[in-house]
Amino acid sequence: MDGRRLVGKTRVVALVACSLCEAICGLEVTTDSGRVVAIHGDPHDPLSRGHLCPKALALQDIHEGDRLRTPIRRTSNGWVGISWDEAFDLTVDRLTAIRKQHGPDAVGVYQGNPTVHSLGALTHGTAFLNLLDTRNRFSATSVDQLPHQLTAALMFGHQFRLPVPDIDRTDHFLVIGANPLVSNGSMMTVPDFANRRKELRQRGGRMVVIDPRRTETAKSADEHHFIRPGTDAALLLAMIGVILEQTPGYDDMRPLAVPVDWAEKITKVTGIRRLATEFASAGRAVCYGRTGVSTQRHGLVCQWAIQVLNIITGNFDRPGGALFAKPAVDLVRITGHGARNRWRSTRGLPEFAGELPVSTLTEQGIRAMVVSAGNPALSTPDGPSVEKFLKTLDFFVAIDPRINETTRHADLILPPTTALERDHYDLIFHALAVRNTARFSPAVFPKPAEARHDWEIFRDLGLRYGRHFHRLKAQRLRLSPKLIVDALLRLGPYRLSLRKLRQHPHGIDLGPLTPSGPHQIDLTPPLIVEAAKAVKDIPVPQGLLLIGRRHLRANNSWMNDIARLTKGKPRHHLLMHPADCAERGITDGDTVRIRSAVGEIEVPVIVTDDIMPGVVSLPHGYAQANANALTDPSDVDASGNAVLNGVSVTVASRRG
């Protein structure tokens with residue numbers, strides 16, 4: 001009933017969904033006597049269709065590798081193990097003492113990206129953190145996706161009403177600042193993108209990519225255009241202007257368009273008028289943009305303009321265009337709509353959905369931190385300053401199975417079980433998927449007796465904390481994640497249950513995306529209109545501009561110590577165009593010094609014409625070359641999102 005089958009005398013195949021990234025690929029995990037012996041894609045999964053990426057194979061390494069299984073406490077003589085009860089008592093004693101002495105805002109919270117890949121972290125982690133009553137909450141949201149959620153809240157009324165590109169039926173896929181061939185989507189759950197791209201070509205469709213780097217996705221495109229980092233908003237507003245020339249109405253939007261000739265000069269993209277008319281005249285078209293457009297100074301305008309482009313061409317809420325998913329658990333119904341500006345940071349940046357921009361983390365007078373599944377020392381702006389801040393805290397507890405660049409500064413680490421030891425239902429990414437499906441994944445292995453699931457950690461912390469604050473609210477933590485998700489499934493649009501999902505271990509196909517209108521849409525939210533007016537003042541950039549990049553075998557900052565994924569040539573090098581290297585006397589393989597307004601690092605360089613002249617590219621998440629040592633926390637877009645792309649830098653050979 002749970003999808004396990006015996007193959008041979010001792011081997012068992014378990015059917016699960018991978019929870020390491022947004023693609024939620026179906027897997028067949030073969031085990032023998034408590035060990036993983038093989039991992040394959042599940043060909044019967046209705047969403048991933050047998051696809052898997054190298055990260056899925058690393059589930060074995062995560063399970064069997066060097067990780068913490070019981071709490072450890074930092075002392076003057078190093079780390080020492082303590083019992084769970086001691087760890088829970090110490091955590092609650094310190095958090096309550098600091099709150100009573102300095103107020104609730106003296107405690108800060110950071111939730112990292114893996115939070116949304118764990119059912120228990122979502123059902124119980126958020127509930128425990130709510131008990132703290134702090135306004136100093138932060139997460140990875142304001143590192144790279146806040147413009148998506150704020151755009152959705154302002155335009156469509158809810159932060160999770162996020163239109164999804166219908167790649168399976170579109171005729172024209174315009175990709176700006178995204179690399180789905182490597183990411184498998186991101187804010188668009190699209191496993192098996194390579195084959196979906198082939199199917200697009202086979203039905204006569206086209207894919208056009210706009211990116212300052214000739215990415216893996218760009219190399220598979222029908223057309224690729226380099227664009228100067230940070231100028232995507234000018235491109236989009238020019239395209240909107242071209243389309244509005246032939247489109248009646250939208251009078252409030254017309255003044256926001258920018259001239260094509262100016263946009264071509266500032267972006268270095270030629271043929272903008274043709275790009276716009278071909279998109280508008282395609283039978284079914286959809287525009288999609290991700291981190292390249294979200295993590296820049298005009299990120300909010302870019303995400304808004306992408307939706308406007310889909311709407312004014314008639315490609316919103318129609319097959320082949322951009323539609324809302326219909327997940328089995330209604331995410332919109334169970335989450336807040338995305339309130340904004342109920343309080344502000346010390347420098348005046350507004351909160352959104354209960355969180356402040358993470359760029360303000362070190363400025364808030366925080367005395368204690370709770371970090372769950374996060375590594376802000378590597379993943380947030382000016383990482384070195386974040387590390388210095390962590391060292392000043394009166395108390396720091398981390399919920400994490402590993403000692404990393406952030407958790408090494410903790411007073412206490414509480415390690416949860418990992419993916420193969422816990423049940424999982426994906427609450428988030430079914431709401432972003434290119435096809436409606438539902439799948440429950442029972443744990444492959446039983447939890448070791450001495451271990452704790454993340455939800456159990458948050459439950460026991462919360463029940464103890466409830467003796468001091470919110471006694472009744474804390475009792476909700478006694479419910480298990482399975483009970484909660486079963487209730488949510490029964491209340492959802494398909495009236496499913498865990499029992500029914502267990503009867504379909506490959507997952508249930510709920511069909512393609514479908515129109516769900518009519519919709520109330522605010523095309524010109526005042527905040528975005530004001531931000532869009534500033535696009536015409538984009539200066540002509542001087543010097544070199546730094547952008548990031550993603551690798552298929554990397555997973556932000558949290559899997560770069562797994563040998564299976566990091567073997568081969570180092571990947572933390574700088575990509576640089578031959579002309580820029582020649583101008584500076586740099587040759588392939590040189591170690592170079594990169595300087596920005598806030599920091600400097602040294603890295604090896606690879607000379608390539610896959611990068612646009614005037615642009616250099618460095619991946620984030622590597623301790624050997626922390627790209628966020630170069631990013632400035634004072635630089636945010638109109639949503640409060642960090643600016644990680646288009647950072648002005650100088651590059652010089654260390655030989656000089």
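Two strands count as paired here if DSSP finds at least two bridges between them, and the strands themselves (E, at least two residues), like helices (H or I, at least four), are DSSP runs numbered from the N terminus. With that in hand, look at β3 (residues 26–32) and β4 (residues 35–41), which pair in the antiparallel sense over six bridges. Thr31 has Val36 in β4 as its bridge partner. The hairpin leaves two residues between these strands, and Ser33 takes a positive phi near 55 degrees there.

A word on what you're looking at: this is a predicted model, where local features need pLDDT of at least 70 and side-chain atom pairs count only at pLDDT 80 or more, while totals for chains, interfaces and linings use all residues. Residues are numbered from 1 along each chain as its sequence is written, and side-chain values use heavy atoms, leaving out hydrogens and water.

Next, helix α8 (residues 193–202). Its residues Phe193, Arg196, Arg197 and Leu200 are buried (under 20% relative accessible area, with a 1.4 Å probe and protein chains only). Seen down the axis of α8, the buried residues fall within an arc of 105 degrees, so they line one face of the helix; the arc is taken from the directions from helix axis to C-beta atoms. They pack against β10 (172–176), α7 (180–183), β11 (206–210) and α9 (216–219), contact meaning heavy atoms within 4.5 Å. Just after α8, Gly204 takes a positive phi of about 85 degrees.

Within it, β26 (residues 591–595) and β29 (residues 647–653) pair in the antiparallel sense over four bridges, and Arg595 stands opposite Thr650 in β29.

Methods. Buried means under 20% relative accessible area, exposed over 50%, partly exposed in between (1.4 Å probe, protein chains only).
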